[in-house]
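Hi,

Here is the structure I promised to pass on.

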Amino acid sequence: MTTDNTDQLREELLAAVAGAKDAAALDEVRVTALGKKGRITGLMKDLGAMAPEARKVFGQKLNVLKDEIAAALDRRKQGFDAAALDARLGTESMDVTLPVRPEAKGTLHPISQTIEEVAAIFGVMGFEIADGPDIEDDFHNFTALNFPPGHPAREMHDTLFLDPAEDGQRYLLRTHTSPVQIRTMMNQKPPIRMIIPGRTYRCDYDMTHTPMFHQVELLVIDTETNMSHLRGCLQEFVRTYFGVEDLTTRFRPSYFPFTEPSAEMDIGCSRKGGELKIGNHGDWLEILGCGMVHPNVLKACGLDPDVYQGFAAGMGIERIAMLKYGIPDLRTFFESDVPWLKHYGFAALDIPSVTGGLTR
Amino acid sequence: MKFTLSWLKSHLETTATLGEIGAKLTSVGLEVENIEDPGAGLVGLIVAQIAHAKQHPNADRLRLCTVDTGAETIQVVCGAPNARAGLKVVLARPGVTIPSSGEVLKKGSIRGIESQGMLCSMRELKLGEDHDGIIELPADATVGAPVAGVLDFDPVIEINLTPNRVDALGVRGVARDLAAAGLGKLKAINDAPVPGRFVSPRKVKMALPADQAHKCPQFVGRMIRSVKNTESPPWLKARLTAAGLRPISAIVDVTQFLTIDLGRPLHAFDDAKLTGDMGPRLAAPGETLAALNGKTYTLDAEMVVIADQASAAGIGGIMGGEPSSVTETTTSIFLESALFDPRNMSATGRKLQINSDARYCFERGVDPTSPVTGAEIATRMILEICGGEASELIIGGTAPDFSRVIAFNPARVKSLGGVEMPGAEIKSILERLGFGVAAAGEVWKVTPPSWRADVEGWQDLVEEVLRIHGYDNIPPIPLPRAPMPKVALSPQQRQVAFTRRSLAMRGLNETTTWSFLAGAQAELFRGEAPRVAIANPISSDLDVLRPSLIPNLAAAAGRNAARGLHDCGLFEVGPRFEGPKPGQQALVAAALRAGHTAARHWAGNRRVVDALDAKADALAALEAAGAVISALQTASGSGSSGGGGVPAWYHPGRSGVLKLGHQVLAAFGELHPGVLAALDVKGPMVACEVFLERVPQPKKAKAGAARQLLKTSPFQPVERDFAFVVDTSVAADAVLRAVRNAEKDLIAEVGLFDVYEGPHLGEGKKSLAISVTLQPTDATLTDAQIEAAASRIVAAVEKACGGRLRA
């Protein structure tokens with residue numbers, strides 16, 4: 001064997017690779033060259049009979065040749081494969097304009113979402129969340145909150161009563177979340193910063209009232225919190241909640257049996273053209289009731305009103321949700337109408353946070 | 001409470017505008033509900049005079065008026081019959097808004113003649129109904145002047161009174177508050193005694209038992225004879241009408257007027273219809289009284305009546321009686337001015353369901369000095385309007401002592417109210433409100449006036465000072481807070497929130513339904529729990545507290561189906577009620593699915609919802625609520641695996657519970673067709689109820705949030721499939737459990753990939769195809785080891801479930 005021979009063999013084999021018409025023909029070339037009885041394989045076998053010096057030189061040459069041919073075969077094969085794939089893909093197609101397979105999108109009710117928004121804001125201010133029973137007794141719902149028996153303000157509450165219980169007590173459905181104030185103050189020592197969201201009930205059902213609705217109660221008790229803090233805290237809340245940085249608020253004297261002094265807070269709005277808009281537009285919208293916790297309430301909870309003081313506030317969840325999200329009718333909150341739930345509801349992953357964004 | 005501006009000004013000397021008064025009222029806590037100012041709409045309208053009026057050439061009914069505006073002479077076409085030369089009229093020029101239509105007047109031409117304005121009627125200005133002709137202004141009105149200054153309007157102010165403001169029940173009290181807030185000066189009122197011309201032949205008889213004397217502590221009476229009960233003068237009628245009352249006759253109107261004017265209800269009886277002495281007594285049980293409203297009331301022994309010696313003449317402080325009422329022919333009256341116990345009054349009014357202005361005042365508490373002053377003022381008015389002569393006052397009982405001293409540290413205005421204010425200013429405000437202030441030393445002695453029964457402690461005084469100073473002058477300060485907020489939610493609250501969002505992730509729509517429902521529906525879901533009924537339900541459909549969330553969800557799905565939405569998935573997280581006392585409630589996450597798993601679709605792989613969809617919802621909720629799912633056991637409704645605990649509102653054969661030990665954490669399944677029929681909704685529906693508070697909570701948060709180290713194996717896992725034939729009654733879970741327990745250390749994963757029933761398996765048999773993944777940890781498994789594991793698995797299934805390998 002000589003160098004010329006290997007050169008010739010290379011040329012022949014490369015020509016055969018290039019000339020193969022399809023993958024099967026190429027495979028035949030491969031067998032011819034590199035198969036057990038292939039020409040290069042045959043030459044390899046002959047190496048053993050050669051003198052060591054010549055074997056080394058020739059062996060190297062053969063290896064180079066072998067690699068070169070194998071590479072050529074691979075390249076050619078890849079070409080055939082690519083062509084075959086192209087041919088197959090040419091026959092395959094689907095209508096990608098088809099609608100995708102349905103996946104139900106769940107939603108959260110605006111009441112849940114609003115409660116979480118409120119909790120997120122007050123959470124930043126150091127409030128914790130408490131809850132209490134829907135069924136209450138007269139003491140927690142009225143007496144301890146400074147509604148003495150026979151007080152006219154009791155009648156304003158349109159209370160839903162339960163049938164008398166076995167123990168002779170006439171229990172009721174809480175008319176506000178304020179009884180949880182009492183439970184909180186009786187169960188833990190100040191300082192207290194608590195928000196209490198929950199279901200509340202009144203015997204009233206018309207365009208703007210439902211027998212069940214939701215409130216969130218605020219309670220702060222320590223030795224220093226005064227009406228300036230009340231105003232500041234609520235102002236920060238409404239500005240954050242409604243996303244209006246400079247929203248103006250108005251405080252008006254009012255009356256609640258369980259606060260003294262008592263106030264109602266209004267926020268700026270516009271009602272031009274019958275459309276309600278939150279912002280500093282010259283008109284006012286009542287948003288919540290609040291005040292400094294009444295000394296009789298503190299006393300009922302065993303706290304000395306000359307030492308401890310603080311504020312309480314309460315607002316309607318549905319009301320603030322309606323205002324923020326433009327939901328026109330209170331009654332629809334409780335109708336379970338699926339198109340309504342999907343339209344006014346919130347995505348499962350839409351978790352409100354003050355730092356991450358309250359509202360998408 | 002409604003009153004007119006001139007009425008207010010009869011007590012308040014002020015130069016404030018209506019707008020200023022309205023703003024101040026709201027600012028001191030007398031919230032303005034509405035101000036009706038007819039004059040406000042008259043912008044741009046001026047006084048003009050008709051110089052000439054002649055017939056319109058093209059219309060019989062129209063006149064052509066030459067009108068002097070004071071600045072020029074213009075031509076106006078007018079259809080009013082009274083449009084005549086010399087008349088002073090109200091002229092609207094183009095560009096002015098006409099109050100009745102709200103539209104801007106344009107220049108126009110009527111029947112070919114240009115009209116440069118409009119002469120207005122009362123109706124066009126929304127000042128009345130009169131549209132027969134144009135307004136005729138007084139002859140001395142100045143031509144060219146704005147009409148608003150010429151026509152006499154009395155704006156009506158309506159305020160919302162909070163129940164504590166007993167002092168502002170009368171217009172005078174409102175005026176006092178405004179004066180204190182710097183809006184003018186309170187005028188003096190003449191409440192000096194009217195000299196009696198004779199001794200009343202009728203005496204006062206205080207006939208309440210001693211222990212109930214507080215129900216009417218004082219009764220003041222006076223006879224006035226030779227009166228002429230005429231129609232009230234126009235000013236009085238106008239004020240009553242503005243207040244929403246109907247003028248009746250002068251004597252009655254005076255008592256009506258003083259109820260609103262002073263917050264002092266009085267009553268006048270026709271003296272000729274009375275017998276003997278008058279005074280308060282308890283009603284006899286069952287005693288009846290025909291009241292002024294035309295209704296007859298049956299009274300009980302708790303109630304106070306004002307009675308003569310023959311019968312009850314009125315329900316004390318609430319309403320007079322018809323038989324003793326004054327009429328146009330009355331010539332002699334007996335005037336009553338008394339005090340009543342607010343609580344007793346309120347109870348009587350509630351029991352009898354009478355809402356009168358008198359009750360409204362008395363149950364809030366009137367000024368204890370007012371029986372005498374009220375009687376004097378009323379007498380003076382009656383004598384002025386009706387003539388006659390008054391007897392001396394006759395007085396029974398004594399007014400309760402209202403005097404008290406409140407210890408008040410003025411520094412509290414800052415420490416509670418947040419407002420820095422000089423002591424002198426604090427003192428001045430209190431004194432302007434009628435409080436006596438002894439401002440010596442650090443703690444003052446403050447004595448409230450007779451009309452402020454609502455003021456009890458120093459906190460009330462802080463409110464008075466802030467109220468008059470203006471709440472809007474309280475500087476807002478943020479609550480001081482820690483540099484980093486702490487976690488606001490308890491672990492359980494976070495889990496509830498997470499449960500909600502997990503169910504929403506599963507495609508369910510959260511809803512909120514009533515806590516109550518119809519009693520008949522509740523019965524279907526009550527189980528062992530007692531019926532918790534509402535004594536005064538809003539309607540019979542909502543008369544029982546819900547023992548389960550399912551009926552409301554099923555009804556909701558039914559309503560959606562009725563609107564064509566048959567495929568529906570709802571959930572709610574809320575209370576179910578297990579008893580009638582506080583705390584007898586449980587927090588439940590309930591989900592319900594109706595119809596198909598998806599809408600119809602080209603891929604076509606939707607199916608009717610089944611119990612396992614509900615089970616999947618329950619497992620998702622439980623996992624979100626912190627339950628360890630692998631530790632739970634499923635027990636079927638009727639199956640051999642112990643059943644029990646599955647509520648009766650589920651299909652007995654297609655339902656189950658998820659248990660942790662003996663504790664049922666959730667129930668799920670298809671709803672019972674009979675129950676759905678009773679709810680009048682179409683099935684099938686599937687549902688689950690997850691009892692969130694039953695999910696065990698970790699005792700104490702572990703140190704840190706680090707998780708257990710992940711164990712991995714470098715050796716190849718081996719997957720082997722088995723098909724077991726078992727009786728159809730055997731629970732799949734039992735087979736899977738047997739498999740899992742056969743090689744606890746080696747088996748990493750067990751899956752059920754086929755369930756088959758067919759004739760060649762034999763009657764009552766099914767085949768379960770199970771894949772088992774074996775994961776060695778020490779060395780690659782040998783064939784022998786795999787075989788040994790397989791035979792242990794087969795033996796375990798055979799032993800536990802009677803299963804054999806499928807041939």
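Keep in mind that this is a predicted model. I started with two helices of chain B, α4 (residues 234-242) and α5 (residues 250-262): their axes come within 10 Å and cross at roughly 50°. Angles from 65 to 115 degrees would count as roughly perpendicular and those under 35 as roughly parallel, so α4(B) and α5(B) are oblique to each other. Their crossing is left-handed. If you want to find the spot, look for B:Leu236, B:Arg239 and B:Leu240 on the α4(B) side, which meet B:Asp253, B:Gln256 and B:Phe257 of α5(B). That contact is made up of three nonpolar, two charged and one polar residue.

Next, the strands. In chain B, β38 (residues 718-727) pairs with β40 (residues 765-774) in the antiparallel sense, over 10 bridges. Within that pairing, B:Ala723 sits opposite B:Ala769 of β40(B). β38(B) also pairs with β41 (residues 804-805) of chain B, again antiparallel, over two bridges. There, B:Phe724 has B:Leu805 of β41(B) as its bridge partner.

And where do the chains meet? The contact takes 70 residues from chain A and 81 residues from chain B. On the chain B side, the elements giving two or more residues include α2 (18-27), α6 (342-352), α14 (550-562) and β32 (568-577). The largest share of that side comes from α12(B), with seven residues. By class, the chain B side has 40 nonpolar, 25 polar and 16 charged residues.

Cheers

Notes: Residues numbered from 1 in each chain as written. Chains lettered and ligands numbered in written order. Predicted model: local features only at pLDDT ≥ 70, side-chain atom pairs only at ≥ 80, totals over all residues. Contact = placed C-beta atoms within 7 Å. Helix = DSSP H or I, 4+ residues; strand = E, 2+ residues; numbered from the N terminus. Nonpolar A, V, L, I, M, F, W, Y, C, P; charged D, E, K, R; others polar. Axes fitted to C-alpha atoms, helices over the stretch in contact; angles between N-to-C directions. Parallel < 35°, antiparallel > 145°, perpendicular 65-115°, else oblique. Left-handed = near helix turned anticlockwise from the far one by under 90°. Pairing = 2+ DSSP bridges.
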